[in-house]
Amino acid sequence: MTSHPNAAVQFQDVNFSADGVHILKDITGYFPEGKITTLVGPSGAGKTTLFRLCNGLKSPNSGEIYIKGKKLDAYEPVKLRRNVGIALQSATMLSGSVQKNLAMPLTLQGEQLSEERAQELMRIVGLDGSFLKKNSKDLSGGQRQKLSIARTLVNRPEILLLDEITSSLDRVSQQDIEALIQQINQKYGTTIIWITHNLQQARTIGEFTWVMMEGKVIETGESGFLDNPKNTQVKRFVKGELE
């Protein structure tokens, strides 16, 4: 099997089990390059596990994963994680300054983050350069999430995985982050794959959407299909009958 020409990430018959539980079942499909794809489904559907396969934190039991047309296991792990960044709901921070947190990906690689690049990253995520001197514990939830995204951008990833990054934010902060992600996608052509429980967000931010349930991909397509799904289970899910 060859990879799809427009795929940033592609799965072919991917299965994953852990502790005797079959978590992902025959996953086949792709996330289009340069687009925003939202990933929705009830809790326990396997969405976060799918992400961990995308950047090599876990390995499938069977099947193939392609990143930018190249088999995932052909990538050197550090290079793969530079290319496939991930930002999480928790936005974990180190104690100390914003600058220390921002530099962490390079610090781990024995490199330094230049002041110029640090200022640039602050501008990209809509934070003033003066924030670099602040203590990370003094940031609001929205500011922490922006810093988390900026930190993910340090390595200039071509693919950005977002796992529920707005679920704990107020409405204004959520809209702020949504606008930021759309800007990153449009300005840099970054492929965005976004797990969200917010179906309205999935519809409005996503150009494409995957619906997962019980470890399977149930329905995919342009995000508008969420208004009128073909699959009966998906219809129940969008009506709020499945959690």
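Is helix α3 mostly covered or mostly uncovered, and how many of its residues are buried? The helix is mostly covered, with 7 of its 10 residues buried. Before I continue, please bear in mind that this is a predicted model.

The buried residues of α3 are V98, Q99, N101, L102, A103, P105 and L106. Among the elements that cover them are α4 and α5. I shall take these two partners in turn.

With α4, helix α3 packs at an angle of about 100°, and the two axes are 11 Å apart. Since angles from 65 to 115 degrees count as roughly perpendicular, α3 is therefore roughly perpendicular to α4. On the α3 side, V98, Q99 and L102 take part, and they meet E115, A118, L121 and M122 of α4. Sorted by class, this contact holds 5 nonpolar residues, 1 polar residue and 1 charged residue.

With α5, the angle is about 35° and the axes are 7 Å apart. Here α3 passes α5 in a right-handed crossing. Helix α3 contributes V98, N101, L102, M104 and P105, while α5 contributes L147, A150 and R151. The classes in this contact are 6 nonpolar, 1 polar and 1 charged.

Which residues does L102 touch, once its neighbours within four places in sequence are set aside? They are L113, A118, L121, M122, L132, L147, A150, R151 and V154.

The largest has 34 residues, and L102, M122, I149 and I181 are the members that touch the most others. The elements giving two or more residues to this core are α3 (98–107), α4 (115–124), α5, β7 (159–163), α6 and β8 (191–195). Apart from this core lies another, of 26 residues, including L24, I27, C54 and I67. As general background, nonpolar side chains tend to be buried together in soluble globular proteins.

How do the axes of α5 and α6 cross? Helix α5, residues 141–153, and helix α6, residues 171–188, have axes that come within 10 Å and cross at roughly 20°. An angle under 35 degrees counts as roughly parallel, so α5 is roughly parallel to α6. The crossing of α5 past α6 is right-handed.

I turn now to helix α1, residues 47–54. Why may α1 be described as largely enclosed by the rest of the structure? The reason is that 6 of its 8 residues are buried. They are K47, T49, L50, F51, L53 and C54. Of these, C54 has already been mentioned as a member of the 26-residue core. After α1 comes G56, which has a positive phi, near 80°.

That brings me to backbone angles. Most residues other than glycine have a negative phi. Two residues other than glycine deserve attention on this point. The phi of K68 is positive, near 55°, and K68 sits in the loop between β4 (62–67) and β5 (70–71). K68 counts as partly exposed because its relative accessibility is 30%. The phi of E214 is likewise positive, near 50°, and E214 is placed in the loop between β9 (208–213) and β10 (216–222). E214 is exposed, its relative accessible area being 60%.

Finally, consider M213. Is M213 buried or exposed? M213, in strand β9, is buried, because its relative accessible area is 3%, and the cut-off for that label is under 20%. Beyond residues up to four places away in sequence, M213 touches P42, A45, I218, Q233, V234, F237 and L242. The C-alpha atom of M213 is also separated by 5.7 Å from that of G41, although the two residues are 172 apart along the chain.

Thank you for your attention.

Methods
Residues are numbered from 1 along each chain as its sequence is written. This is a predicted model: local features need pLDDT of at least 70, side-chain atom pairs count only at pLDDT 80 or more; totals for chains, interfaces and linings use all residues. Side-chain values use heavy atoms; hydrogens and water are left out. Helices (H or I, at least four residues) and strands (E, at least two) are DSSP runs, numbered from the N terminus. Buried means under 20% relative accessible area, exposed over 50%, partly exposed in between (1.4 Å probe, protein chains only). Contact means heavy atoms within 4.5 Å. Axes are lines fitted to C-alpha atoms, for helices over the stretch in contact, and angles run from 0 to 180 degrees between N-to-C directions. Angles under 35 degrees count as roughly parallel, over 145 as roughly antiparallel, 65 to 115 as roughly perpendicular and the rest as oblique. A crossing is left-handed if the near helix is turned anticlockwise from the far one by less than a right angle, and right-handed if clockwise. A nonpolar core is a set of buried Ala, Val, Leu, Ile, Met, Phe, Trp, Tyr and Cys residues joined through side-chain atoms within 4.5 Å. Ala, Val, Leu, Ile, Met, Phe, Trp, Tyr, Cys and Pro count as nonpolar, Asp, Glu, Lys and Arg as charged, and the others, Gly among them, as polar.
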